[in-house]
Amino acid sequence: GHYISVDTSYEGEKAVLSSPDLYSEEWSCVRLIYQIATTSDTSPDPARLNLYLRQEGESFDRLLWSAKEPSDSWLIASLDLMNSTKKYKLVLEGEMGQDKSTSIAVFEIKITSGYCIECDFEENHLCGYVNRWNPNVNWFVGGGNIRNSQSILPKDHTLNSALGHYMYVDSVYVKHFQEVAQLISPKTMAPVSGCLSFYYQLKQESSIVFTVYLRDMSGFYEEIWKTDSALNADWTLAEVDFNAPYPMEVIFEVAFNSAKGGYVALDDISFSPVYCSNQTGTPFNPANAGCNFEEDLCNFYQDHKDGPGWSRVKVKRNVYRAGDHTTGFGYYLLANTKFTSQPGYIGRLYGPTLPGNLQFCLRFYYALYGFFKMSGTLAVYIFEENHVVQEKIWSVLDSPKGVWTQAEISFKKPMPCKVVFVSWCKSFWDCGLVALDDVSLSLGSCQAADLLLPSPGECTFEKDECVFTQKKRGGGSWHRKRGPTPTSYTGPKGDHTTGVGYYMYIEASNMVYGQRAYLVSRSLRGTSGKQCLTFFYHMYGAGTGLLSVYLKKEGDEEEIPLWRRTGEQSISWLRGLIEYESDTNYQIIFEAIRGVSIRSDTAIDDILFQAGPCLEVEEIQFSSGYPDSLNEIEY
């Protein structure tokens with residue numbers, strides 16, 4: 001047969017192969033058979049094969065999958081594509097890297113309707129199911145008139161004929177007590193829940209254990225089905241409820257007790273998004289367990305016998321005290337706001353009930369002011385529903401004072417539980433202020449979430465400058481930095497993403513008054529309809545100059561001003577929102593102009609492009625100077 005491979009004569013360029021317009025209202029599965037071959041052992045810049053989804057109306061392609069592991073045989077990748085009403089294209093991209101001896105080849109791309117974990121084993125790629133090799137017992141393909149084992153079936157289930165195929169495990173080669181054969185499904189690449197069904201046959205002379213497990217990416221096994229001891233000499237349907245909110249594999253495992261154990265056969269694995277049992281329960285939505293405290297406490301509450309430990313507060317823009325993390329203008333929670341005559345305080349904030357037996361990742365931002373002793377300042381407990389067990393899963397060690405710092409914690413509990421944020425302080429003299437904001441909960445461990453592909457159109461500057469490059473026409477330049485800027489009384493103390501990550505800024509001491517620095521995006525795809533650009537900016541320092549954002553359409557000389565700020569704005573990171581439209585390809589330009597003194601380090605972070613209109617509005621698009629009430633602090 002034929003395959004397609006990347007032409008290696010172009011160094012450093014990307015080879016791009018694009019599909020025609022596709023359209024699928026049904027859930028579908030993309031199977032890609034590929035190989036990356038190389039003769040060298042390791043390369044600092046290995047070749048990669050990337051698959052992108054290009055949706056209509058989006059300026060950015062979404063990375064679905066990426067591989068760089070070399071292999072000496074063809075490999076199969078299976079990717080679930082969720083149903084969508086929009087047209088889309090699949091785009092394959094080969095990056096050669098530095099290695100001259102590499103080749104990247106693709107043998108087959110197949111899009112089928114249905115889910116990637118479904119399989120009838122009639123095709124030679126076995127839908128990406130793999131047997132975990134064992135010296136003695138393994139899953140084999142049976143049927144198709146192959147007579148290669150003593151206990152083989154007359155017919156498969158799919159075609160109900162001797163020509164059809166199925167998978168089977170035979171006990172003939174069992175050497176040791178309780179050897180297991182495992183058949184492993186492709187990894188689920190999108191959240192799925194519903195009913196997994198399959199047909200099996202079991203012939204046993206001594207006990208066989210046939211079990212189905214879910215395995216998550218941290219290697220944790222959860223049993224979801226097991227055979228009862230009844231004999232099944234004919235194809236039997238098994239159905240099991242299946243919930244994979246994060247990437248998982250399904251494992252079919254057979255264990256034998258002796259060499260005369262008989263066999264197990266498996267065929268026609270299928271999946272339906274409706275649960276098999278009549279359980280209608282709505283799946284748990286992790287969004288309901290988070291809060292940015294802009295409107296209220298969401299589903300969080302306090303215990304009244306503690307007294308009001310946490311208060312929802314808002315700080316007007318000022319140059320002394322930071323505002324909230326969400327926008328810089330909004331609300332956050334503060335423990336110990338009322339300096340009462342009591343010797344100390346305790347604040348407990350309870351989250352909503354979370355279901356048991358699911359892996360969670362909790363993220364939140366905190367900031368501390370004026371503490372002498374750190375112990376007890378802020379801790380997170382897991383409170384099991386029966387109110388007997390409280391387990392401390394996190395406490396603050398030390399963090400830069402007054403910087404919003406992100407914390408992330410993975411946990412999994414067998415029983416329903418609640419997350420509790422506790423801040424307490426015994427003696428008045430040790431008590432400072434603890435601030436809390438932007439609590440979010442997601443399914444899956446935090447490490448697994450970090451491995452997930454970044455959302456398209458987002459740039460946090462943690463790894464690099466993403467789609468942006470410097471344009472050296474104004475004489476000044478933007479720098480990528482973490483931690484505080486070198487000049488005091490200007491610039492941020494930490495970034496907006498995590499508090500300890502990277503941001504982009506202009507170093508005013510290297511520039512002269514009125515000098516400009518440009519950060520320009522690459523050419524972005526024009527679309528019909530509105531787009532929303534969100535970013536965070538930091539303009540603190542008595543000599544701060546200007547920060548402007550422009551839209552430059554392809555073919556136009558003029559840059560269209562979208563947004564501008566002049567002069568010192570706040571000691572906080574503030575959120576900027578811009579709604580714009582461009583049906584031709586375009587670039588977005590961030591321009592910073594140095595102000596009158598070296599105290600004009602201007603910074604930006606967390607840029608996000610989204611299709612569709614902005615859901616909120618920013619009060620002012622063009623402003624200069626600061627309001628008269630800049631230094632009032634209100635609770």
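By class, the lining of the largest cavity has 4 nonpolar, 4 polar and 1 charged residues, where Ala, Val, Leu, Ile, Met, Phe, Trp, Tyr, Cys and Pro count as nonpolar, Asp, Glu, Lys and Arg as charged, and the others, Gly among them, as polar. A cavity here is a set of points, on a 1 Å grid over the protein atoms alone, where a 1.4 Å probe fits but cannot get out, and lining residues have an atom within 4 Å of a point. Please keep in mind that this is a predicted model, in which local features need pLDDT of at least 70, side-chain atom pairs count only at pLDDT 80 or more, and totals for chains, interfaces and linings use all residues. Residues are numbered from 1 along each chain as its sequence is written, and side-chain values use heavy atoms, with hydrogens and water left out.

The largest cavity holds about 70 Å³ of space, a volume being the space filled by probe spheres set on the grid points, which are joined across faces, edges and corners. Its lining includes D216, Y246, Q359 and A448, and it draws at least three residues from each of domain 2 (126–272) and domain 3 (286–451), with bounds from an automatic or database domain assignment.

The second largest cavity, with about 50 Å³, has 8 nonpolar, 1 polar and 1 charged residues in its lining, among them F300, L362 and V439. The elements that give two or more residues to this lining are β27 (417–425) and β28, strands being DSSP runs (E, at least two residues) numbered from the N terminus.

Finally, 9 bridges join β23 (residues 359–369) to β28 (residues 433–443), which run antiparallel, and C361 stands opposite S442 in β28.

Key: Pairing = 2+ DSSP bridges. Helix = DSSP H or I, 4+ residues; strand = E, 2+ residues; numbered from the N terminus. 1 Å grid on protein atoms, 1.4 Å probe; cavity = no way out; pocket = protein on both sides within 12 Å on 5 of 7 lines; lining within 4 Å.
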